[in-house]
Amino acid sequence: MNISIDHRPAYAIAKVRLEAGEAIRAESGAMLAMHDVTISTSSGGLFKAAKRKLFGGESFFLNEFHAGSNGGEVLLAPQLPGDVVQVDLDGRWTVQSSSYLAGDTSLDIDTNLQSLTKGFFSGEGLFMLGVRGRGALLLSSFGAIHEVEVDGEYIVDTGHIVAFEEGLDYRIRGMGNWMSTLFSGEGLVCRFQGRGRLLLQTRQPEAYGKRIGPLLPERREVR
């Protein structure tokens, strides 16, 4: 499998070249174009699929793209404008649910219930997926992706988390005292502890929607 990423960071697409017999699993709706591949749909296990839908905000099903005897190609892109990065997974990463784009079919994807519990209190839809195994993982963002090597403590606005690797833990906390939490515009934050890679997105969809929403014309019903 050979993956190249074009048009970063604003409108990134992943070009996945598959050798004969290879396959890649992608989020529903991610396919932009394909050539000499066949598509099948899997649930990844009914229970896991249900958890992804109910708790992770993801589709019940994932699409798998299989190359034929001569190999094939599939182009993948996220639904929102932004970046795409490839992570060569060897272990476990925790991924913000909307940031999972695609990955090797051998990777195990499940809802991270511990992070999910924390997410209910973040107020920003912080639902996390656990991705485990060895292989290529494609992650997407709204805006550009910025990587941080954490060693100790690192504080991040909850709406800007894309993914982080095993070795990092976090707690949801207010931004300083109660006045800072309510009036600073930052709200709740994640205080990371440990050592590992942390991927951040430079924009967040909720804040963008609130800013641009009032500028859009009103929808008028056609009678």
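Glu147 is partly exposed, with a relative accessible area of 39% (partly exposed falls between buried, under 20% relative accessible area, and exposed, over 50%, using a 1.4 Å probe and protein chains only). Arg197 is partly exposed too, at 24%. This is a predicted model, in which local features need pLDDT of at least 70 and side-chain atom pairs count only at pLDDT 80 or more, while totals for chains, interfaces and linings use all residues. Residues are numbered from 1 along each chain as its sequence is written, and side-chain values use heavy atoms, with hydrogens and water left out.

Side chains of opposite charge can pair when their charged atoms come close. Here, the side chains of Glu147 and Arg197 form a salt bridge, at 3.0 Å from N to O (a side-chain nitrogen of Lys or Arg within 4 Å of a carboxyl oxygen of Asp or Glu). Glu147 sits in strand β12 (residues 145-157) and Arg197 in strand β15 (residues 188-201), so this pair ties together parts 50 residues apart in sequence. Strands are DSSP runs of E, at least two residues long, numbered from the N terminus.

Another salt bridge joins Arg195 and Asp151, whose closest N and O atoms are 3.8 Å apart. This pair links distant parts of the chain, with Arg195 in strand β15 and Asp151 in strand β12, 44 residues apart. Both of these residues, Arg195 and Asp151, are exposed.

Then there is Arg25, which meets Glu64 in a salt bridge of 3.4 Å, N to O. Arg25 belongs to strand β3 (residues 23-27) and Glu64 to strand β6 (residues 62-67), 39 residues apart. Arg25 and Glu64 are both buried. The count of salt bridges comes to five.

Note on methods. Helices (H or I, at least four residues) and strands (E, at least two) are DSSP runs, numbered from the N terminus.
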